[in-house]
Amino acid sequence: MIDSDNSTAGDNSRIGINTSDQEARSFVSRALDFSRQPTKSNSLYVTLTFAQSLDGKIALPNQRLHLSGPQSMQMTHWMRASHDGILVGIGTVLTDDPRLNARLVLPIDQPGHPRPIVLDPRLRFPTDARLLQNNRDNMPWIVTGPQHDRYRRAELEALGAHVVVVDLCDDMGRPRVSDVLKELAQRGIRHLMVEGGAQIIQAFLESQLVDSLVVTIAPALVGSRGVPAVPASDGIQALKIVPRAYEQFGVDVVLAADTDTDTDQRMR
Ligand SMILES: NC(=O)c1ccc[n+]([C@@H]2O[C@H](COP(=O)([O-])OP(=O)(O)OC[C@H]3O[C@@H](n4cnc5c(N)ncnc54)[C@H](OP(=O)(O)O)[C@@H]3O)[C@@H](O)[C@H]2O)c1
């Protein structure tokens, strides 16, 4: 899903459904219900989104894989423009060097792009990352723990990044999702889009603090070398979801659902 400039999905407009920009916008407004109370005690609405192959893979190991076609990517940029923060893990920054903006639907110098947020406990964020070329008022927030390297922090801040420190971390030095969300809410983020990669998807699913899931399914088989969208993990509970919308974009299908802790809801 991340910033596909050279999609491998081909010219979807010839063989798939040709959705207009207006339809992509309308899908996003049906897919997300920001009027719902966010889950648990969060004051922040979390949308978890990714693109996967038919065999449930989101990437090749340490490799960028373009799964979304141009039309689902356009829809994804409308979704980005609907959130005020977009979060990925440092693994995604190192592999994809994404820009995490909504440039397909908004002029780059206009307001409305989400704040890029990167979870990076060891401050591995590269000093030549494209995110550091963003407009001054939309520079990335890099979320780290208290044990970070002060010199590295100063270097990244000199380049315009904002380093956000979350005090409580696990024994690997990684902040808990719930603490990250509290910190982001205090900094004014209300609607957060989480775009991966695999470890971050796992951490958010384990946290059970996801309000909405939007998954693009691309007609591709990545094979056994691929990185699973949802890795096998003891910590991920079965999730009850309430489907909201689905639509075909080019040859991709996008499914949107609310998560629900209400036991009366059907498990899907
Ligand atoms: N298809 C899609 O929609 C999509 C979207 C995004 C990314 N991707 C792909 O996903 C791959 C990257 O996935 P990835 O799993 O390697 O990296 P990732 O999930 O982007 O980032 C993982 C890193 O985040 C840090 N982290 C911070 N807090 C964490 C927490 N609470 N739990 C877990 N990790 C935390 C850790 O850094 P430290 O190790 O330094 O502690 C960890 O190594 C790339 O190939 C990319 O192309 C695909």
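## Questions about a predicted model

Biologist: Good to know! What kind of model is this?

Modeller: Residues are numbered from 1 along each chain as its sequence is written. Local features need pLDDT of at least 70, side-chain atom pairs count only at pLDDT 80 or more, and totals for chains, interfaces and linings use all residues; the model is predicted.

Biologist: Back to leucine 123: between which strands is its loop?

Modeller: This residue has a positive phi of about 45° although it is not a glycine. Strands (E, at least two residues) and helices (H or I, at least four) are DSSP runs, numbered from the N terminus. The loop that holds leucine 123 runs between S4 and strand S5 (141-144).

Biologist: And the whole protein: what percentage of the contacts with a separation of 6 or more is between residues 24 or more positions apart?

Modeller: The protein has seven helices and eleven strands, and buried residues make up 45% of its 268 residues. A contact here means two C-beta atoms, placed from the backbone, within 7 Å of each other. Of the contacts with a separation of 6 or more, the part between residues 24 or more positions apart is 77%.

Biologist: Is H2 parallel or oblique to H3?

Modeller: Axes are lines fitted to C-alpha atoms, for helices over the stretch in contact, and angles run from 0 to 180 degrees between N-to-C directions. Helix H2 (residues 21-31) and helix H3 (residues 70-82) pack at about 50°, their axes 9 Å apart. That makes the pair oblique, because angles under 35 degrees count as roughly parallel, over 145 as roughly antiparallel, 65 to 115 as roughly perpendicular and the rest as oblique.

Biologist: Which residues of H3 meet H2?

Modeller: By class, the contact of H2 with H3 has six nonpolar, two polar and two charged residues. Nonpolar covers Ala, Val, Leu, Ile, Met, Phe, Trp, Tyr, Cys and Pro; charged covers Asp, Glu, Lys and Arg; the others, Gly among them, are polar. H2 brings Asp21, Ala24, Arg25, Phe27 and Val28, and these meet Gln74, Met75, Trp78, Met79 and Ser82 in H3.

Biologist: Alanine 81 also lies in helix H3. Which residues is alanine 81 in contact with, leaving aside neighbours within four places in sequence?

Modeller: Alanine 81 has 20 C-beta neighbours inside 10 Å, so it counts as buried. Its C-alpha atom is 7.9 Å from that of valine 105, which is 24 residues away in sequence. Apart from neighbours within four places, the contacts of alanine 81 are Ala102, Val105, Leu106 and Gly112.

Biologist: Now the ligand: which element gives the largest share of the shell around it?

Modeller: In all, 31 residues surround the ligand, the closest being Ala59, Gly89, Gly91, Gly196 and Gly197; a residue is near if its C-beta atom, placed from the backbone, lies within 6 Å. By class, this shell has 17 nonpolar, eight polar and six charged residues. Strand S1 (45-52), strand S2 (57-59), strand S3 (85-89), helix H4 (90-96) and helix H7 (198-207) each give two or more residues. The largest share, five residues, comes from H4.

Biologist: Gly196 and Gly197 are among the closest to the ligand. Is the peptide bond between them cis or trans?

Modeller: Glycine 197 lies in the loop between strand S7 (191-194) and H7. The bond from glycine 196 to glycine 197 has omega near 0°, and is cis.

Biologist: Finally, which residues does proline 231 touch, not counting those up to four places away in sequence?

Modeller: Proline 231 sits in the loop between strand S9 (227-228) and strand S10 (241-249), and is exposed, with 12 other C-beta atoms within 10 Å. Glutamine 202 is 29 residues away in sequence, with 6.7 Å between the two C-alpha atoms. Ala198 is one of the buried residues of H7. Not counting residues up to four places away, proline 231 touches Ala198 and Gln202.
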